[in-house]
Amino acid sequence: MKHGGGNVEVWGCVSRLGMCPLMRIQGIMEKFQNEDILENTMRPYARNSLGRFIFQQDNDPKHRSKHIQNWFSRLHVTLLDWPSQSPDLNIIEGLWAELKLRLVGRNARNADEKFSQIEEEWKKIPLSFIQTLLDSMPRRFQAVIDVKGFATKLRLGSIDVVVITDFETTKEVFGKDAFMGRPPDSPFELGRETIEIGAINGMPWKHQRRFSLHMLRDLGFGKTRMEELIKVSYLFELLT
């Protein structure tokens with residue numbers, strides 16, 4: 001989470017009975033830190049609160065690594081199948097959106113103070129908000145089914161969003177000038193680091209994008225090759 005005070009990355013999970021303790025991620029989240037959180041935070045919370053449970057996570061490479069999959073198998077934790085190219089229909093996305101809104105305008109002197117603020121607001125989110133998100137899930141899933149996986153409008157917390165679920169639509173949308181840069185009415189604050197490196201919009205952003213693409217092409221990174229590299233990198237993460 002990036003707000004005044006620095007960049008703080010956190011991990012949390014949610015169930016129909018509430019939320020687990022929020023964990024602060026130290027450095028870059030990798031498979032061993034992920035395993036430690038699953039072992040010492042997620043599993044005790046789920047067993048004490050729910051008893052039997054099914055765990056859901058997205059398809060981030062660190063979640064799908066062989067190391068983490070072996071952990072689930074060894075501890076007999078049942079995983080919910082999640083499509084490889086799916087929109088973020090996990091209710092925790094709504095919680096993250098709500099948490100960010102609660103932090104708007106709260107500056108901190110350093111990352112430690114920012115984590116304390118995040119943890120404080122996390123604990124304040126009422127169970128009724130989680131229930132509202134849960135009640136919305138049948139409608140959300142049906143909306144995606146009705147459009148056969150293409151774009152659909154959803155609501156994450158108090159924010160209206162459009163979810164795009166296929167490559168062709170994504171390419172078409174981000175090729176239009178109307179979608180350049182950041183929305184003018186974004187509810188999130190830009191971190192100081194982001195502003196310092198040039199948080200630009202409009203035509204300057206378009207020129208910067210064109211220049212970057214030309215430089216990548218001149219260096220030999222054509223579109224086909226870049227996509228192949230991304231696939232190879234993702235496969236490597238899964239294997240390790």
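These legends accompany close-up views of a predicted model.

The model is predicted, so local features need pLDDT of at least 70 and side-chain atom pairs count only at pLDDT 80 or more, while totals for chains, interfaces and linings use all residues. Residues are numbered from 1 along each chain as its sequence is written, and side-chain values use heavy atoms, with hydrogens and water left out.

**View 1. Ring pairs link Phe 55, Trp 71 and Phe 72 into a cluster.** The structure holds 3 aromatic pairs. The ring centres of Trp 71 and Phe 72 are 5.2 Å apart and their planes stand at 75°, so this pair is edge-to-face. Here, rings of Phe, Tyr and Trp (its six-membered ring) pair if their centres lie within 6.5 Å; planes under 30 degrees apart are stacked, over 60 edge-to-face, and the rest tilted. Trp 71 and Phe 72 are both buried, where buried means under 20% relative accessible area, exposed over 50%, and partly exposed in between (1.4 Å probe, protein chains only).

**View 2. Helix H5 covers residues 111–124.** Helices (H or I, at least four residues) are DSSP runs, numbered from the N terminus. H5 has 14 residues and reaches 20 Å from its first C-alpha to its last, close to the 20 Å expected at 1.5 Å a residue; the expected span is 1.5 Å times one less than the number of residues. Its buried residues are Lys 114, Phe 115, Gln 117, Ile 118, Glu 121 and Trp 122. Seen down the axis of H5, these buried residues fall within an arc of 160°, so they line one face of the helix. The arc is taken over the directions from the helix axis to the C-beta atoms. At the start of H5, a side-chain oxygen of Asn 110 comes to within 3.2 Å of the backbone nitrogen of Asp 112.

**View 3. What does Glu 121 touch, leaving aside its neighbours within four places in sequence?** This residue of helix H5 is in contact with Leu 99, Arg 102, Leu 103 and Arg 106, contact meaning heavy atoms within 4.5 Å. Glu 121 is buried, at 7% relative accessible area.

**View 4. Cys 13 is in no disulfide.** A disulfide is a pair of cysteine sulfur atoms within 2.5 Å, and by this rule the count comes to 0. For Cys 13, the nearest cysteine sulfur is that of Cys 20, 3.1 Å away, which is too far for a bond.

Terms used
Helices (H or I, at least four residues) and strands (E, at least two) are DSSP runs, numbered from the N terminus. A polar contact is a pair of N or O atoms within 3.5 Å; within protein, one must be able to donate a hydrogen and the other to accept it, and residues adjacent in sequence count only if both atoms are side-chain atoms.
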